[in-house]
Amino acid sequence: MDYHNPVLLTEAVDGLNVKPGGVYVDVTFGGGGHGREILKRLGPKGKLFAFDQDKDALLNTIDDSRFKLINENFRFLKRFLRFYGAKKVDGILADFGVSSHQFDVAERGFSTRFEADLDMRMDQDSKLSAFHVINKYDEEQIRDVFLQYGELRQAPAMARLIVEERATNEIKSSEHLKEVLKKFVKHKNEHKVLAQIYQAIRIEVNQEIEALKELLLQVPEVLVTGGRLSCISYHSLEDRLVKRFIRNGLFEGEPERDVYGNFEVPLKKVGGLIVPSKAEIKENSRARSAKLRVAEKI
Ligand SMILES: C[S@@+](CC[C@H](N)C(=O)[O-])C[C@H]1O[C@@H](n2cnc3c(N)ncnc32)[C@H](O)[C@@H]1O
């Protein structure tokens with residue numbers, strides 16, 4: 001619980017409709033809250049694979065012969081499942097975003113609360129860090145990251161200031177970055193703007209949108225017919241992609257029609273959008289933006 005307090009725990013695992021002898025994947029293991037709940041519902045013949053690209057999550061591994069934790073990016077889902085002898089699975093759970101542990105360890109650089117080097121890598125071996133984005137990307141790239149992932153209207157001016165500053169001084173720390181952008185974050189919206197800036201950099205550093213799309217595209221192939229996808233998103237960019245993919249099997253445009261004129265889609269939604277109760281949000285403020293969607297392979 002110290003590592004991460006799982007969000008929508010019962011609802012997300014209920015969405016998987018766990019069969020005791022089934023094979024399941026938790027693609028965002030973190031502190032293992034959801035993973036443990038899946039294991040509880042599995043019988044002796046069941047199996048749970050889990051992915052997390054953060055080495056710190058390995059400390060939470062579960063000593064259980066039915067469990068295998070894979071320290072890899074979930075964008076390689078199919079490849080690693082095949083490697084471990086599982087071509088098809090009965091359910092996939094994804095709880096996107098950052099763990100409380102990642103936010104709470106100052107040196108990881110995810111939190112606006114601390115002073116730290118610019119990092120924000122979930123995978124500690126990745127070459128792409130917040131330092132790289134801020135100091136090596138060109139002005140247009142920085143602007144686009146802020147616009148697309150932070151929905152920041154002032155993105156062009158922010159990118160300009162960053163590029164001007166780094167021409168003479170590398171921007172190595174969060175304090176330095178905040179100082180450069182202080183005119184945008186000093187008014188009453190301070191916290192919101194800073195959170196948007198951090199979110200944008202983090203999404204880029206971890207290539208979160210690309211990884212999410214790659215994961216979803218593999219889901220129909222990996223799930224058995226009737227298998228379930230249970231997905232928790234934390235911002236509208238993610239949720240929009242999940243919603244569209246469940247509806248259309250695509251991220252943009254309309255799906256193809258079959259010979260009868262029906263849309264050919266790989267998944268069907270199960271129930272509506274689920275959000276945390278007031279009580280859960282009161283107890284765990286990090287749950288406040290969570291949105292759960294469940295789908296079944298047709
Ligand atoms: C919100 S936490 C998951 C918490 C978990 N459900 C629990 O109950 O503790 C998200 C986790 O997913 C991991 N993660 C995010 N994107 C990933 C990716 N593309 N591949 C593998 N792991 C990823 C993060 O490192 C983090 O530990």
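**Exercise 1. Work out how many nonpolar, polar and charged residues make up the shell around the ligand.**

Step 1: sort by class, with Ala, Val, Leu, Ile, Met, Phe, Trp, Tyr, Cys and Pro as nonpolar, Asp, Glu, Lys and Arg as charged, and the others, Gly among them, as polar. That gives eight nonpolar, twelve polar and four charged residues.

Step 2: The shell holds 24 residues, with His 34, Asp 52, Phe 74, Asp 95 and Gln 102 the closest; a residue is in if one of its heavy atoms lies within 4 Å of the ligand.

A word on the model: it's predicted, so local features need pLDDT of at least 70 and side-chain atom pairs 80 or more, while totals for chains, interfaces and linings use all residues. Numbering runs from 1 along each chain as its sequence is written, and side-chain values use heavy atoms, with hydrogens and water left out.

**Exercise 2. Find which polar backbone atoms sit by the ligand's nitrogen and oxygen atoms.**

Step 1: take nitrogen. A ligand nitrogen is 2.8 Å from a polar backbone atom of Phe 74, and a backbone N or O of Thr 28 lies 3.5 Å from a ligand nitrogen.

Step 2: Gly 33 has a polar backbone atom 3.0 Å from a ligand oxygen.

Step 3: check the cover. Of the 600 Å² of accessible area (Shrake-Rupley method, 1.4 Å probe) that the ligand has on its own, the protein covers 98%.

**Exercise 3. Say where the chain divides and how far apart the domain centres are.**

Step 1: by an automatic or database domain assignment, domain 1 is 9-100 + 211-297 and domain 2 is 127-205.

Step 2: over C-alpha atoms, their centres are 31 Å apart.

Conventions. Polar contact = N/O pair within 3.5 Å; in protein donor to acceptor, adjacent residues only side chain to side chain.
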